[in-house]
Amino acid sequence: MVPIHRRPAHTLNAAGDLLRALAAPVRIAIVLELREAERCVHELVEILGVAQPLISQHLRVLKSAGVVFGERHGREVVYRLVDEHLSHIVVDAVAHVEEGDAR
């Protein structure tokens with residue numbers, strides 16, 4: 001394994017971009033929901049209680065960062081996580097905060 005300080009700058013920059021894409025409470029909630037199951041926009045609106053335009057905006061950010069993938073099924077687009085690595089980042093961050101709250 002290459003020591004972290006010896007990673008190419010473009011790798012570290014890309015990792016920073018990915019973390020910035022995840023750095024919003026609604027996007028964290030979306031990732032947690034998509035970890036459970038594929039969802040379309042109206043399901044995320046209902047589950048999260050957030051307006052449709054805002055959900056769509058956050059999904060665009062996550063999609064452009066390579067976190068989610070959308071596939072059209074008729075009139076709807078169904079979203080899912082690109083891979084499980086990304087959900088682990090979010091789950092670990094949430095668990096860390098919850099453990100700190102328990103102290």
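How are helix 2 and helix 4 oriented to each other? This tour of a predicted model starts there; local features need pLDDT of at least 70, side-chain atom pairs count only at pLDDT 80 or more, and totals for chains, interfaces and linings use all residues. Residues are numbered from 1 along each chain as its sequence is written, and side-chain values use heavy atoms, with hydrogens and water left out.

Select helix 2 (25-36) and helix 4 (52-64); helices (H or I, at least four residues) and strands (E, at least two) are DSSP runs, numbered from the N terminus. Their axes, lines fitted to C-alpha atoms over the stretch in contact, with angles from 0 to 180 degrees between N-to-C directions, come within 10 Å and cross at roughly 75°. Helix 2 and helix 4 are therefore roughly perpendicular (65 to 115 degrees).

Next, show Val26, Arg27, Ile30 and Val31 of helix 2 with Ile55, His58, Leu59, Val61 and Leu62 of helix 4, which make the contact (heavy atoms within 4.5 Å).

Now pick Ile30. Leaving aside neighbours within four places in sequence, Ile30 is in contact with Leu44, Leu48, Ile55, His58, Leu59 and Leu62.

Move to strand 3 (76-81). Strand 2 (residues 68-73) runs antiparallel to strand 3 and is joined to it by six bridges; strands pair if DSSP finds at least two bridges between them. Val68 has Leu81 as its bridge partner in strand 3. Two residues lie between the strands of this hairpin, where Gly74 takes a positive phi near 70°.

Finish at strand 1 (residues 39-40), joined to strand 3 by two bridges and also antiparallel. Select Cys40 to find Val78 of strand 3 opposite.

Terms used:
Angles under 35 degrees count as roughly parallel, over 145 as roughly antiparallel, 65 to 115 as roughly perpendicular and the rest as oblique.
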